[in-house]
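The exercises below are to be worked with the sequence and the 3D structure at hand. Each task is followed by a solution in steps.

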Amino acid sequence: MKYAIIGAGGTGGSLGFFLTKAGKDVTLIARGKHLEAIRKNGLGMERLWDHKREMIPVKACTVEEYSDTPDVILVCVKGYSMTETIPVIRKLAGKDTVVFPILNIYGTGGKLQKEFPELTVPDGCIYVSANILEPGVILRHGKILRVVFGARKPEEETEKMREIAKDMACENIEVILSEDIRRDAMVKFSYVSAMGIEFQEDLVERNLKIVAPLAPEATTSMQRDVYAGKKSEIDGLVYEIVRLGKEYGVPLPEYEKAAARFHEQ
């Protein structure tokens, strides 16, 4: 299978690195100094816990330069960049291409499906803690790299989704084809008060087990963006929850307090 990964940061870069290392046909869609460095030196993966670095050749190009037709497009951008990604997907995708977003924002696959009714667009999420350390190098904070994706309705699951799940799975990437992606994506997005979804485990205990092995210096991408004064996913991760609470009549006092404080700042 041919993979095109839109976005080469902590998420897309990690997937591109390990899929390439596993012998898959992968092209990173990148730009700027990050792209230049990957072309010149390859893509690097440095481990925060022991600072060992590995460099490997990885195919990378701009949107304009990409001329192939991928079997799979992995959308690994921030939520606020999704709108500008739509024409990129339109340019890259063929009639049989499967597109699935791996974003922090819940329900992105369903929204993207409306833009591409002719394509298969499952929902997906990822467990990874990594960021760009310097152009051409990804810093990995912990060993977890788990991709979860699936059809929003069981009857919409396709044979190609099953093939993708098998093909992506490798030594460094755990891949789960979910039987209930609404539940599993909400588990990742587990600080949201959800209706109509029954969780199968204690989410606090589960998430602490995921966080515990990470390096003490590890932070979330939104944390890093807010600290740096950059554009962040705060609208999708905080303000959108407040809007949904008002829409469905669910009181969310702590979210409202946080949203008001962020808005003041």
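## Exercise 1: a hairpin

Strand S8 (residues 123-134) and strand S9 run antiparallel and are joined by ten bridges. The model is a predicted one.

**Task.** Find the bridge partner of Asp-123 in S9, and state how many residues lie between S8 and S9 in the hairpin.

**Solution.** 
1. Asp-123 has Gly-150 as its bridge partner in S9.
2. S8 and S9 form a hairpin, with two residues between them.
3. In the turn, Gly-136 has a positive phi of about 85°.

## Exercise 2: charges over a ring

**Task.** Identify which residues lie over the face of Tyr-127, and determine whether Arg-146 is buried or exposed.

**Solution.** 
1. Arg-146 lies over the face of Tyr-127, at 5.1 Å from the ring centre.
2. Lys-188 also lies over the face of Tyr-127, at 5.4 Å from the ring centre.
3. Arg-146 belongs to strand S9. Its relative accessibility is 19%, and the cut-off for buried is under 20%, so Arg-146 counts as buried.
4. The side chain of Arg-146 also makes a polar contact of 2.9 Å with the side chain of Glu-174.

## Exercise 3: aromatic pairs

**Task.** State how many aromatic pairs there are, and classify the pair Phe-17 and Phe-18 and the pair Phe-100 and Phe-149.

**Solution.** 
1. The count is two aromatic pairs.
2. For Phe-17 and Phe-18, the ring centres are 5.0 Å apart and the planes are at 85°. Planes over 60 degrees apart count as edge-to-face, so the pair Phe-17 and Phe-18 is edge-to-face.
3. Phe-17 and Phe-18 are both buried.
4. For Phe-100 and Phe-149, the distance is 4.5 Å centre to centre with 10° between the planes, and the pair is stacked.
5. Phe-100 lies in strand S7 (residues 98-101) and Phe-149 in strand S9 (residues 137-150), so this pair ties together parts that are 49 residues apart in sequence.
6. Phe-100 is buried, with a relative accessible area of 0%. Phe-149 is buried as well, with a relative accessible area of 0%.

## Exercise 4: the surroundings of strand S2

**Task.** Explain why strand S2 (residues 25-29) is described as largely enclosed by the rest of the structure, and work out how S2 pairs with S1 and with S5.

**Solution.** 
1. Four of the five residues of S2 are buried, so the strand is largely enclosed by the rest of the structure.
2. Strand S1 (residues 2-6) runs parallel to S2, and five bridges join them. The bridge partner of Ile-5 in S2 is Leu-28.
3. From S1 the chain crosses through helix H1 (residues 10-21) to S2, and this β-α-β crossover is right-handed.
4. Strand S5 (residues 59-61) pairs with S2 in the parallel sense, over three bridges. Thr-27 stands opposite Lys-59 in S5.
5. Leu-15 lies in helix H1 and counts as buried, at 0% relative accessibility.
6. Between Leu-15 and Leu-28 there are 13 residues of separation in sequence and 9.5 Å in space, C-alpha to C-alpha.

## Exercise 5: cysteines

**Solution.** 
1. The cut-off for a disulfide is within 2.5 Å.
2. Cys-76 is in no disulfide; the nearest cysteine sulfur to its own is that of Cys-125, 12 Å away.
3. Cys-61 is buried, with a relative accessible area of 10%. Cys-76 also counts as buried, at 9% relative accessibility.

Terms used
Residues are numbered from 1 along each chain as its sequence is written. This is a predicted model: local features need pLDDT of at least 70, side-chain atom pairs count only at pLDDT 80 or more; totals for chains, interfaces and linings use all residues. Side-chain values use heavy atoms; hydrogens and water are left out. Buried means under 20% relative accessible area, exposed over 50%, partly exposed in between (1.4 Å probe, protein chains only). Two strands pair if DSSP finds at least two bridges between them. A crossover is right-handed if, with the strands pointing away from the viewer, the path from the first strand over the helix to the second runs clockwise. Rings of Phe, Tyr and Trp (its six-membered ring) pair if their centres lie within 6.5 Å; planes under 30 degrees apart count as stacked, over 60 as edge-to-face and the rest as tilted. A charge sits over a ring if NZ of Lys or CZ of Arg is within 6 Å of the ring centre and within 35 degrees of the ring normal. A polar contact is a pair of N or O atoms within 3.5 Å; within protein, one must be able to donate a hydrogen and the other to accept it, and residues adjacent in sequence count only if both atoms are side-chain atoms.
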